[in-house]
Amino acid sequence: MSELPRKAVARTARLAALPVGFAGRTALGLGKRLGGRPADEVSADVQARTAEQVFRVLGDLKGGAMKLGQAMSIFEAALPEDVAAPYRSTLTRLQDAAPPMPADSVREVLAAELGPGWAALLPEFEDVPAAAASIGQVHRARWSDGRAVAVKVQYPGSEQALRADLDQLTRLGRVLGPLVPGMDVKPLLRELRDRVAEELDYGLEAEAQRAFAAAYAGDPEIAVPPVLANTARVLVTEWLEGTPLSQVIADGDQPERDRVGLLYVRFLFSGPARVQMLHADPHPGNFRVLPDGRLGVVDFGAVARLPGGLPPSIGTLMRRALDGAAYTMLAGLREEGFVKPGVTIDPGALLDYLAPFIEPASVERFRFTRAWMREQFARINDPRQPGYTVGLKLNMPPAYLLIHRVWLGGIGVLSQLGTEAPFRAELDRWLPGFAD
């Protein structure tokens, strides 16, 4: 391909093939079981084939399709192990890589954005991308002053593809469920659609990254590469050499998992206080462990701008829940819009429903695990569980949507890491209203 596949009919056909392909493999699996093959063997084969198709289609199409795949990959820790295993390796691959754009297309974009003399700015440029994401890919290069840099180039046709994908995926939301059982992709899709314009503008991303880089300059724990140049479709930053967080998830030892997980939480919570912004794309592909031990952070295309920092109501409501103040907690949830007027909820049942979510804040040290996250995920999605109807009565106010996404995504990554750390101390330090 010479550019991002963007013809609506072609993209729609490939996306529509995902649930159709799943149904076909399921029918084939039924036939094999009737033919005598063990059910668990057939099921594993069907899931493995489905996972490979998910990666191939979402990765090849990039755009909104790949953004959905990356968002899904964060939450694989919530799925039952027999379901998650076939998807883990394929969806996790979406966190760091995708089929690359041809070198000629990359150079055409650089010439159009930086001018015909772009090679003087980048005297050394590697045509093979170091990473490929949903709407752009990153190349390693050498800046004119000799510094190693990362050059992020947006795929031609990204806007059309992104909007077309998210529209189509929203229509397919109901039938996409079998691809990752137990996950409701519709809220993810709605939130992704709301962020399209911001993520397509590398000027906004450069502005956000400059603010983070200034706030964390000289920080002994967090590294944010400074921006050297940008246009609407090209972004040049200093290069960060390090170990991808996905590799730590795959084979890091426990001390490393604990240390890196704590830095990960510290960055996500400290951003609103130090920059008045929340890094809103918490998947592991955006984080690196540098040789000096710092946590490097890249990709600031999705941020929540919070002029006053995190809303104090979050910390206040958590504190009320921890103190067992069920009635005042419910009153606060109503005031913030989490419980709509006219909706009746038993305060005690609500407290029981929320208790496991605030468990990490109730003890000095807490270990996130895949088993813990699977338990919570099953608890709120199983109609047979007593708290299921409580969850149906809760509402997510628009102002909290992005914060909620980051919160859940961060928990997903911590569960993949299996991190044990003093998370309560981080809430005391960074979450307004909690320590009070």
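Two strands pair if DSSP finds at least two bridges between them. The model is predicted.

**Nonpolar cores**
- The largest nonpolar core has 67 residues. Within this core, Phe-212, Tyr-264 and Phe-267 touch the most other members.
- Helix H12 (residues 254-275) gives the most to this core: nine residues.
- A second, separate core holds 18 residues, including Val-106, Val-109, Ala-132 and Val-153.

**Phe-212 and its surroundings**
- Phe-212 is buried, because its relative accessible area is 0%, and under 20% counts as buried.
- Leaving aside residues up to four places away in sequence, Phe-212 touches Val-224, Phe-267, Gly-271, Val-275, Met-277, Leu-278, His-279, Phe-300 and Val-303.
- Ring pairs link Phe-212 into a cluster with Tyr-216, Tyr-264, Phe-267, Phe-287 and Phe-300.

**Aromatic pairs**
- The whole structure contains 14 aromatic pairs.
- Phe-212 and Tyr-216 are stacked, because their ring planes stand at 5°, and planes under 30 degrees apart count as stacked. Their ring centres are 6.3 Å apart.
- Tyr-216 is buried too, with a relative accessible area of 2%.
- Phe-338 and Tyr-400 form a tilted pair, with 4.8 Å centre to centre and 55° between the planes.
- Phe-338 lies in the loop between helix H14 (326-336) and helix H15 (347-354). Tyr-400 lies in the loop between helix H17 (388-392) and helix H18 (401-417). The pair therefore ties together parts that are 62 residues apart in sequence.
- Both partners are buried: Phe-338 has a relative accessible area of 15%, and Tyr-400 has 8%.

**Charges over rings**
- Arg-274 lies over the face of Tyr-216, 4.0 Å from the ring centre. Tyr-216 is also the stacked partner of Phe-212.
- The charged end of Arg-319 sits over the ring of Phe-434, at 4.5 Å from its centre.

**The four-stranded sheet**
- Four strands make an open sheet in the order S5-S11-S10-S8, with mixed pairing.
- Strand S5 (222-223) and strand S8 (243-244) are the edge strands, and each pairs on one side only.
- Helix H12 lies across S5, S10 and strand S11 (295-297). H12 runs at about 135° to S10.

Key: Residues are numbered from 1 along each chain as its sequence is written. This is a predicted model: local features need pLDDT of at least 70, side-chain atom pairs count only at pLDDT 80 or more; totals for chains, interfaces and linings use all residues. Side-chain values use heavy atoms; hydrogens and water are left out. A nonpolar core is a set of buried Ala, Val, Leu, Ile, Met, Phe, Trp, Tyr and Cys residues joined through side-chain atoms within 4.5 Å. Buried means under 20% relative accessible area, exposed over 50%, partly exposed in between (1.4 Å probe, protein chains only). Helices (H or I, at least four residues) and strands (E, at least two) are DSSP runs, numbered from the N terminus. Contact means heavy atoms within 4.5 Å. Rings of Phe, Tyr and Trp (its six-membered ring) pair if their centres lie within 6.5 Å; planes under 30 degrees apart count as stacked, over 60 as edge-to-face and the rest as tilted. A charge sits over a ring if NZ of Lys or CZ of Arg is within 6 Å of the ring centre and within 35 degrees of the ring normal. Axes are lines fitted to C-alpha atoms, for helices over the stretch in contact, and angles run from 0 to 180 degrees between N-to-C directions.
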